[in-house]
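Here's a quick briefing on the model below. Have a look at it first, then read on for the main points.

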Amino acid sequence: MSQYGMQMPGGRSSRGPSLGIVDALLLLSSVAMIAAFIVLWPAATAVSPDGKPWEMHEDNPNALISLPE
């Protein structure tokens with residue numbers, strides 16, 4: 001009867017899906033990415049122009065770069 005998907009009374013209980021090692025690694029990598037973002041945001045703010053980490057420095061080799069004191 002198992003080929004028809006029928007369950008016998010008193011038979012082995014069906015288990016639901018459980019977390020595996022791939023799920024644990026995915027969660028760990030997500031936590032690591034969030035931690036890296038939190039740690040590196042102040043550093044990117046300190047060296048970026050106008051304190052905006054998403055802005056780029058000028059691509060002029062003769063331009064002066066000034067760092068905050």
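Where is the place of serine 48? Serine 48 is in the segment after helix H1 (21-47), with helices (H or I, at least four residues) and strands (E, at least two) taken as DSSP runs, numbered from the N terminus. Bear in mind that this is a predicted model: local features need pLDDT of at least 70, side-chain atom pairs count only at pLDDT 80 or more, and totals for chains, interfaces and linings use all residues. Residues are numbered from 1 along each chain as its sequence is written, and side-chain values use heavy atoms, with hydrogens and water left out.

**The chain overall**
- The protein chain has one helix and zero strands.
- Of its 69 residues, 1% count as buried (buried is under 20% relative accessible area, exposed over 50%, partly exposed in between, with a 1.4 Å probe and protein chains only).
- The accessible surface of the protein chain comes to about 6900 Å², and 65% of that belongs to carbon and sulfur atoms (Shrake-Rupley method, 1.4 Å probe; for residues, only the protein chains shown count as cover).

**Around serine 48**
- Serine 48 has a relative accessible area of 12%, so it counts as buried.
- Leaving aside neighbours within four places in sequence, serine 48 is in contact with Pro53 and His57 (heavy atoms within 4.5 Å).

**The salt bridge**
- The count comes to one salt bridge, the rule being a side-chain nitrogen of Lys or Arg within 4 Å of a carboxyl oxygen of Asp or Glu.
- Its partners are the side chains of glutamate 55 and lysine 52, at 3.9 Å, N to O.
- Glutamate 55 is partly exposed, at 30% relative accessibility, and lysine 52 is partly exposed too, at 35%.
- Lysine 52 is in the segment after H1, and its C-alpha atom is separated by 9.9 Å from that of tryptophan 41, eleven residues apart along the chain.

**The largest pocket**
- The largest pocket has a volume of about 310 Å³ (a pocket is an open set of points on a 1 Å grid over the protein atoms alone, where a 1.4 Å probe fits, with protein on both sides within 12 Å along at least five of seven lines; the volume is the space filled by probe spheres set on the points).
- There are 16 lining residues, and the closest to the pocket centre are Pro49, His57, Leu64, Ile65 and Ser66 (lining means an atom within 4 Å of a point).
- By class, the lining has nine nonpolar, four polar and three charged residues (Ala, Val, Leu, Ile, Met, Phe, Trp, Tyr, Cys and Pro are nonpolar, Asp, Glu, Lys and Arg charged, and the others, Gly among them, polar).
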